[in-house]
Amino acid sequence: MIAFDKRGEIVNQEAYGERSRLPGTATNDKSVIDFSKGEMVQLYNDVTYFEGKMPLELPQWTITENEEIQSDYLCKMAKGSYFGREWTLWFTEEIPVNAGPWLLWGLPGLIVYAKDSEEVFSFRLQGVEKIEKSRLESNLSYLSIKTSSPTTSFYSMSMKEMETMHTKYMRDVTYFNKIHGITDGYTEDRNGRRTEMQMTRPYIPYIADEYWKNR
């Protein structure tokens, strides 16, 4: 199915929805756990950039006796609630780094594999490499996008405010259009035929909607 025409306009809303849900080989989104500042930062690199920050919170994981080989490492299993989801994690003490994918952390070893109980999200280690200091500094300079383009919108706020705004941005096409100055809800194909856009899109945020209700 073709989602876009040669001008980049959406010509098939169903195809666009399917395409937007396909997993890619990489993402430009960034998740940063900054121990020096005691904060967590989530940056969504969409057409518009969204940055959320919140104080660093230590997850309360329960380490089990289960052991298993994951990504060629001997791992132990841990479980716990985090950001409104129940997680099962496998971490290895062979790499004694208190880190993991996304904003998962807080175990005595690198988190190699993680999945939520509903199996909506899963993360798996693909490899480990040593990188040069210059490349590391480049990766950490994620805030440089604020000035990378005068036409780029950048929203920075608390994690709760950002996640609420970003989720609405991803689900509500009317709100998406408003952010980008789009005044109508139609798409046009190469023959000039106009089609009314579907005004909602499926989107499940990493952090469960219910997590923010009592915070």
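**Close-up views of a predicted model**

View 1. Four strands make up an open sheet of mixed pairing, ordered β1-β2-β3-β9, where strands are DSSP runs of E with at least two residues, numbered from the N terminus, and two strands pair if DSSP finds at least two bridges between them. The edge strands, each pairing on one side only, are β1 (30-34) and β9 (154-158). Neighbouring strands of this sheet are turned against each other by 15 degrees on average, direction ignored, with axes taken as lines fitted to C-alpha atoms. This is a predicted model, in which local features need pLDDT of at least 70 and side-chain atom pairs count only at pLDDT 80 or more, while totals for chains, interfaces and linings use all residues. Residues are numbered from 1 along each chain as its sequence is written, and side-chain values use heavy atoms, with hydrogens and water left out.

**View 2. The pairing of β3 with β9.** Strand β3 (residues 49-55) and β9 run parallel and are joined by five bridges. Phenylalanine 50 has tyrosine 155 in β9 as its bridge partner.

**View 3. The salt bridge between glutamate 57 and arginine 215.** The two side chains meet at 2.8 Å, N to O, in a salt bridge (a side-chain nitrogen of Lys or Arg within 4 Å of a carboxyl oxygen of Asp or Glu). Because glutamate 57 lies in the loop between β3 and β4 (62-70) and arginine 215 in the segment after β11 (194-196), the pair ties together parts that are 158 residues apart in sequence. Glutamate 57 is partly exposed at 32% relative accessible area, and arginine 215 is partly exposed at 43%; buried means under 20% relative accessible area, exposed over 50%, and partly exposed in between (1.4 Å probe, protein chains only).

**View 4. The salt bridge between lysine 76 and glutamate 93.** The closest N and O atoms of lysine 76 and glutamate 93 are 3.5 Å apart in this salt bridge. Lysine 76 lies in strand β5 (residues 73-82) and glutamate 93 in the loop between β6 (85-92) and β7 (110-116), so the pair ties together parts that are 17 residues apart in sequence. Lysine 76 counts as partly exposed, with a relative accessibility of 28%, as does glutamate 93 with 43%.

**View 5. The salt bridge between lysine 115 and glutamate 119.** The side chains of lysine 115 and glutamate 119 meet at 3.8 Å, N to O. Lysine 115 is partly exposed at 27% relative accessibility, whereas glutamate 119, at 59%, counts as exposed.

Methods
Axes are lines fitted to C-alpha atoms, for helices over the stretch in contact, and angles run from 0 to 180 degrees between N-to-C directions.
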